[in-house]
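Try each task before you read its solution.

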Amino acid sequence: MQAVPGRSNGWWISPAVPTIANCALAVLWTFSALGGWGDAAFCGENEKRDAGCGEGFADAVLVSAPIAALAAIVAVAAWGIPGVRRRPYRLDAVLTAAAFGWVLAEGVLFIGGYLAKP
């Protein structure tokens, strides 16, 4: 008897794990891009802040925002579309793709911040 229909013999990972990973990556991107973490890390704070660097980092945020939005849409769609939600392998694949999207968005922020850094 299988505990989860649609899974063959092997390891089973709860869909809560990739869902929590997606949420954590979304929070990290939000704080880095919109919360000021990335700007402070690359461009400095208060009187030591480089205005030109801040503009460059804002450009990096604009480039990474569509990637982050797509990752969010994919993660929500994984749970919202019954054909994906009810098939464990599809759910795993879609949630993994969303996590890679978040990692890509963070990578764009990091590279953009590094390039903007004085």
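Predicted model: local features only at pLDDT ≥ 70, side-chain atom pairs only at ≥ 80, totals over all residues.

**Exercise 1. Placing an alanine**

In which helix is Ala98 found?

Residues are numbered from 1 along each chain as its sequence is written, and side-chain values use heavy atoms, with hydrogens and water left out.

Step 1. Find the element: Ala98 is in helix H5. Helices here are DSSP runs (H or I, at least four residues), numbered from the N terminus.

Step 2. Check the burial. The cut-offs are under 20% relative accessible area for buried, over 50% for exposed, and partly exposed in between, with a 1.4 Å probe and protein chains only.

**Exercise 2. The disulfide**

Find which cysteines form a disulfide, and work out its handedness.

Step 1. Search the whole structure: 1 disulfide turns up. The criterion is a pair of cysteine sulfur atoms within 2.5 Å.

Step 2. Name the partners. They are Cys43 and Cys53, with sulfur atoms 2.1 Å apart. Cys43 belongs to helix H2 and Cys53 to helix H3, so to speak of the pair is to speak of a link between distant parts of the chain, 10 residues apart.

Step 3. Look at the S-S torsion. For Cys43 and Cys53 the value is about -70°, so this disulfide is left-handed.

Step 4. Check the surroundings. Cys43 is buried at 4% relative accessibility, and Cys53 is buried at 1%. Cys23, on the other hand, is partly exposed, with a relative accessible area of 46%.

**Exercise 3. The salt bridge**

Which residue forms a salt bridge with Asp39?

Step 1. Apply the criterion: a side-chain nitrogen of Lys or Arg within 4 Å of a carboxyl oxygen of Asp or Glu. The structure holds 1 such bridge.

Step 2. Identify the partner. Asp39 pairs with Arg49, and the closest N and O atoms are 2.8 Å apart.

Step 3. Asp39 lies in helix H2 and Arg49 in the loop between H2 and H3, so the pair ties together parts that are 10 residues apart in sequence.

Step 4. Compare the ends: Asp39 is buried, with a relative accessible area of 16%, whereas Arg49 is partly exposed at 38%.

**Exercise 4. Two surface patches**

Which residues form the nonpolar patch, and which gather in the patch of positive charge?

Step 1. Set the rules. Patch members have over 30% relative accessible area and no salt bridge; like charges are joined within 9 Å, and nonpolar side chains (Val, Leu, Ile, Met, Phe, Trp, Tyr) within 5 Å. Accessible areas come from the Shrake-Rupley method with a 1.4 Å probe, and for residues only the protein chains shown count as cover.

Step 2. Take the nonpolar patch. Val27, Leu28, Phe31 and Trp37 make it up, with about 380 Å² of accessible area together. Helix H1 (residues 16-33) gives the largest share, 3 residues. Leu28 is found in helix H1 and is partly exposed at 36% relative accessibility.

Step 3. Take the charged patch. Arg85, Arg86, Arg87 and Arg90 gather there on the surface. Lys and Arg count as positive and Asp and Glu as negative, while His and the chain ends are not counted; the place of a charge is NZ of Lys, CZ of Arg, CG of Asp or CD of Glu.

Step 4. Zoom in on Arg86. You'll find Arg86 in the loop between helix H4 (82-85) and helix H5 (88-116), exposed at 63% relative accessibility.

**Exercise 5. A backbone angle**

What is the phi of Asn46, and where is its place?

Step 1. Read the angle: phi of Asn46 is near 50°, a positive value in a residue other than glycine.

Step 2. Locate the residue. Asn46 is in the loop between helix H2 (37-43) and helix H3 (51-80).

Step 3. Check the exposure. At 66% relative accessibility, Asn46 counts as exposed.

Terms used. Helix = DSSP H or I, 4+ residues; strand = E, 2+ residues; numbered from the N terminus.
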